[in-house]
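Work through the following exercises with the sequence and the structure beside you, and try each task before you read its solution.

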Amino acid sequence: MTLTAKSWWHRVRHTRPRDILHGRINGQLDWRQAVAGADLPVAVADTISLVVRKTRLWKREQLDVTLELIAHFQDGLETGLSGEELLASFGDTANAARLIRRSKKRGRPFLWQAWWWASRSMAALFAVYGIVVLLLAFDRPRISTDYLAILNKSSISMPEDQRGWPYYQQALAWLKANTEASPRRPNVSAVTVEDWLTGPTDGETLLLDNYPKLDTAQRKVVDAWLNERAEFLVLLRKAARQPRLGLELGNYSPQYRRLFGMREFDADVAEKKSAVESSIYFVLLPHIQAMRGMARVLKADLQRSAFQGNGTAALADLRALTGMARHGGQAPWLVCGLVKCGLLHSAMEGLETVLAAHAEIWSTRELAQAAHLLAAVSLDVRDYVQGEKTSFFDLVQRLYSDDGRGDGYLTAAGLRRLDREVLPVLRAGGNWQANHFSNWQYLAAAPATYFVGASRRELLAKHAEMWARMEAEAERPLWDPLPTEETAAGQYERMSPLARLRYGMLDRSLPAYRAVRMTFEKAKGLREGALLGIALQLYRREHGKWPESLNQLVPLSLPSLPIDRINGGPLRYRIVDGQPVIYSLGVDGKDDGGVLPDYCMGDPWRYRLLWPPAHEVAEEEKGDWVIWSTGSANSETSSSGT
Amino acid sequence: MKIERELMRGAGPPAVLQLLSGGEKYGYELVEALSRQTDGVLAMGQSTLYPMLYNLEAKNLVKSRIDKSGPRPRRYYRLTRKGERKLATDTMQWRALFDAMQSLGIAPQGATAGGAG
């Protein structure tokens, strides 16, 4: 082999690094020189060059192949075969180059193999990621169902004269027009419904909520305040008499928006309203909060009427409170159910004031009417399940794509909405700070959610499963709970961190159904107490004394006796200071004489129903859940149990 | 007779391993031996033989060395231990295959898988 004159740089490029380090720039890896120096027929030399060049192997490998092929042909030539004969048996050059390249690469060092596979795998992953990016870039959530329209269908179709909202609105407008300043902020003009409904104060004390405990002077202040709002009260009673609230949720009128200080609604704003903002998940319900304020006023008026011996006004207020409870609970969300329970509780507090010391203001017929008013308010937490589910479906359709077969994925646009609009609300307690990435960044991040997060179908299936568990749990009485592992909370606890990440949307979007159910249980328990209280009053009127046992109320006053909602046993009954006390044994299961735990501060609405029931309860939980009492529960006991 | 590529792909490596079991050989020797000993049935060109040898080497079934003592440098191939084991396994499998084909009447009756019958 003769090394013909080549440039220094050419020789450097064809010299082993080891030789370069030793200062030997020999160009030994130049396979072309090897072919040129082999003294082979031109056709053979060309074939070898063609094959070796096509292998595109490393220089050292190409030189090895070259030398081997040269030796092969030289051996063949020495046996007397011609170059043409040898070439005829050589085979296809392109195929030879391909096979040689492939087999030589298989023999390369492990590190190179590892790098080769890793780089190819990475490239494949990037390619797949890129394809998904493109997929997510062009796909958009498709809003196929107008859940808000479905929700509002019955409200819109209702005749005007059967709607309560126009009267509530009139009442609030009257209040706004006739309230000059906020008692809470005397130097600021009244700007919110809460301000208009705060009521009179005695320094720092709000007087409206404590009418029975006020002294004469304070009552005069409240009476005057209520007298000034007589027209407001008339409108409230009128509103509450209507069969339905009749308010179109979400699509609020300009009047509604002005009333609650909401952003003015016009075509321009409507266009800018984002898809999530207009979902029913984020429908604002400021009127619900206003109803709570209005109920405070009604309750105070009911209590005032009791003190003033005005049974008609008191019954009208009770009717208004129960009517408002029905209206407040007509929207299908759990929060509305909670408001309904709260409004009904206000009605029961007013009833307690009447029966405590002013029962004579109501005739027997009016007492029965009061009982019917309370009993007519539906308290079924299941009424609110479908609304919550629908809200989630609406949210999902605004974040996920839809393949038309019920499946899809979180798109880049959906991820943006999730980060900027949904999570700041869902994680309000966790102070979620929206990242405000650019659209490109959301697009780059979206495939990660595609691979890690659940698909639309998976998410909805898990949502359905969790709801089924929550509903099954709520079906069971408090004393017979589902095993923890069968509950939604238990299921969530058993999820792996990856699964929790996968179904992260459910983490905050599933409501605290168990807690809401507990509130309903409390409302139902206290209503049972109130109905028993009315039955006791009726018994006393007929017999001149309280019954010895609650059993004496059946069947004349009640078809059957309610049970202790906590343990399934009979309710306890005592006469304390000449007033009946009805109570559950409470979460500790022990009879503490009809005394509420201290933390309740005398208010049974504050009682904590523990779930699941604890075998050992904390000291502060000890006590009974008093569901009806018109006197002081702490006075000495003077009568027997059931 | 020309053997189809798929059959050749299966028969080639054990044939080469078998030839190398008799001692190390260089490429042209193998081509010659294959052609001669199989009456040309397993004759293969360089375009097939060398990639096969490189594959066998990558699998550590054969080892190569360059001998520079002759008139030209030659690469010699020899069996490794692994190659010997592989050859033993392949031989058993080919015999079983041959017996099966014989029982079906595809291989000639009277011949034995262990050699000429």
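The exercises below concern a predicted model, and each is followed by a worked solution.

**Exercise 1.** Decide whether A:Asp75 is buried or exposed, and find which residues of chain B A:Asp75 touches.

*Solution.* Begin by locating the residue in the chain: A:Asp75 belongs to helix α5 of chain A, which covers residues 59-78. Next, take its relative accessible area, which is 5%. Because buried means under 20% relative accessible area, A:Asp75 counts as buried. Finally, look for its contacts, leaving aside residues up to four places away in sequence: A:Asp75 touches B:Tyr26 and B:Tyr28, and also B:Arg72 and B:Arg74.

**Exercise 2.** Work out in which order the three strands of the open sheet in chain A are arranged, and why one side of β3 and of β5 is left without a neighbour in the sheet.

*Solution.* Reading across the open sheet of chain A gives the order β3-β4-β5, with antiparallel pairing. Since β3 (572-576) and β5 (625-629) of chain A stand at the edges and each has a single partner strand, one side of each is left without a neighbour in the sheet. Neighbouring strands of this sheet are turned against each other by 30° on average, if direction is ignored.

**Exercise 3.** Describe how β4 of chain A pairs with β5(A), and which strands of the sheet helix α18 of chain A touches.

*Solution.* Strand β4 of chain A, residues 579-584, pairs with β5(A) in the antiparallel sense over four bridges, and A:Tyr583 has A:Val626 in β5(A) as its bridge partner. Helix α18 of chain A (residues 334-357) packs on the sheet and touches β4 and β5 of chain A, its direction making about 60° with that of β5(A).

Definitions and conventions. Residues numbered from 1 in each chain as written. Chains lettered and ligands numbered in written order. Predicted model: local features only at pLDDT ≥ 70, side-chain atom pairs only at ≥ 80, totals over all residues. Heavy atoms only, no water. Helix = DSSP H or I, 4+ residues; strand = E, 2+ residues; numbered from the N terminus. Buried < 20%, exposed > 50% of the residue type's maximum accessible area, 1.4 Å probe, protein only. Contact = heavy atoms within 4.5 Å. Pairing = 2+ DSSP bridges. Axes fitted to C-alpha atoms, helices over the stretch in contact; angles between N-to-C directions.
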